[in-house]
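Open your viewer and get ready to click along. We will go from stop to stop, selecting a few residues each time and looking at what is there.

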Amino acid sequence: MNDAFDLTDIRSYIFTLPFVLQVFLIMIVTDFVQYWVHRMFHKIPWLWKFHAVHHSAENMDWLAGARMHFLEIGVLRGLTAVPMFTLGFKPEAIQAYVLVVYFYSSFVHANIGWNLKSVERFLVTPRFHHWHHGKERAAIDVNFSIHFPLYDWLFGTHHMPEDGTWPKKYGVMGKKMPKGFWKQFMYPFRRQTEDK
Ligand SMILES: [Zn+2]
Ligand SMILES: [Zn+2]
């Protein structure tokens with residue numbers, strides 16, 4: 001009948017893999033999904049209004065990662081959960097991944113200025129994600145990955161200057177984001193006049 005899409009074998013195979021490998025695989029599959037969701041939030045104007053809340057931080061610190069619109073968190077977590085739950089990972093591995101994401105996100109936003117040259121080709125570092133938040137032209141629509149820069153390499157959005165530099169300014173060009181939680185929460189729903 002419907003066995004063309006029978007995932008049972010894959011699921012039981014994944015379930016038997018070592019814990020650390022499962023967490024790593026979850027990071028790989030979710031990062032692929034999150035890369036495209038993140039890119040959509042930049043490209044589609046009405047979605048950008050939600051994501052602009054995250055980009056409105058003009059000072060990067062470990063808390064900047066937590067500044068996200070509820071709707072975006074819901075869409076992102078919902079869509080990345082699809083491969084996580086269909087591929088048969090152990091619940092413990094999924095829980096560990098959720099913790100990893102939480103700490104990893106604080107880490108890449110933190111304002112610690114390390115140059116992690118040896119790992120930045122393979123793993124997203126603070127400098128990599130800071131470029132995603134940069135205000136200068138070279139920083140527009142680059143570095144969408146959250147764990148593995150590989151996806152930005154593959155899809156042509158990778159930006160990491162060889163000289164180890166960081167962006168000079170952070171934030172969003174054009175419109176000003178209102179201050180305060182509720183104003184930012186309502187921001188995407190409000191009718192907006194053109195840039196000023
Ligand atoms: Zn973004
Ligand atoms: Zn960010």
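Start by selecting Ile26. Leaving aside its neighbours within four places in sequence, Ile26 is in contact (heavy atoms within 4.5 Å) with Asp31, Met84, Phe89, Ala93, Ile94 and Tyr97. Before going on, note that this is a predicted model, where local features need pLDDT of at least 70, side-chain atom pairs count only at pLDDT 80 or more, and totals for chains, interfaces and linings use all residues. Residues are numbered from 1 along each chain as its sequence is written, chains are lettered from A and ligands numbered from 1 in the order in which they are written, and side-chain values use heavy atoms, with hydrogens and water left out.

**Stop 1: the cores**

Which residues touch the most other members of the largest nonpolar core? They are Ile26, Met84, Phe89 and Tyr97, in a core of 22 residues. A nonpolar core is a set of buried Ala, Val, Leu, Ile, Met, Phe, Trp, Tyr and Cys residues joined through side-chain atoms within 4.5 Å. Buried means under 20% relative accessible area, exposed over 50%, and partly exposed in between, with a 1.4 Å probe and protein chains only.

Two or more residues of this core come from each of helix 2, helix 4 (70–86), helix 5 and helix 6 (126–133). Helices here are DSSP runs (H or I, at least four residues), numbered from the N terminus. Helix 5 gives the most, with 7 residues. Now pick Val37, Leu47, Phe50 and Leu76: they are among the 5 residues of a second, separate core. In soluble globular proteins, nonpolar side chains tend to be buried together.

**Stop 2: helix 2 and helix 5**

Select residues 19–43 for helix 2 and 91–109 for helix 5; they pack at an angle of about 60°, with their axes 9 Å apart. Axes are lines fitted to C-alpha atoms, for helices over the stretch in contact, and angles run from 0 to 180 degrees between N-to-C directions. That angle makes helix 2 oblique to helix 5. Under 35 degrees counts as roughly parallel, over 145 as roughly antiparallel, 65 to 115 as roughly perpendicular and the rest as oblique.

Show side chains where the two helices meet: Phe19, Gln22, Val23, Ile26, Met27 and Thr30 in helix 2 face Glu92, Ala93, Ile94, Ala96, Tyr97, Val100 and Tyr104 in helix 5.

**Stop 3: helix 2 and helix 3**

On the helix 2 side, select His38, Met40, Phe41, His42 and Lys43; they meet Pro45, Leu47, Trp48, Phe50, His51 and His55 in helix 3.

**Stop 4: two loops**

Go to the loop between helix 6 and helix 7, where you will find Asp141 and Asn143. Asp141 has a positive phi of about 55° although it is not a glycine, and for Asn143, also not a glycine, phi is positive at about 55°. Is Asn143 buried or exposed? Asn143 is buried, at 0% relative accessibility, whereas Asp141 is partly exposed at 26% relative accessible area.

Finish at Gly156, in the loop between helix 7 (150–154) and helix 8 (181–186). Gly156 is exposed, with a relative accessible area of 65%.
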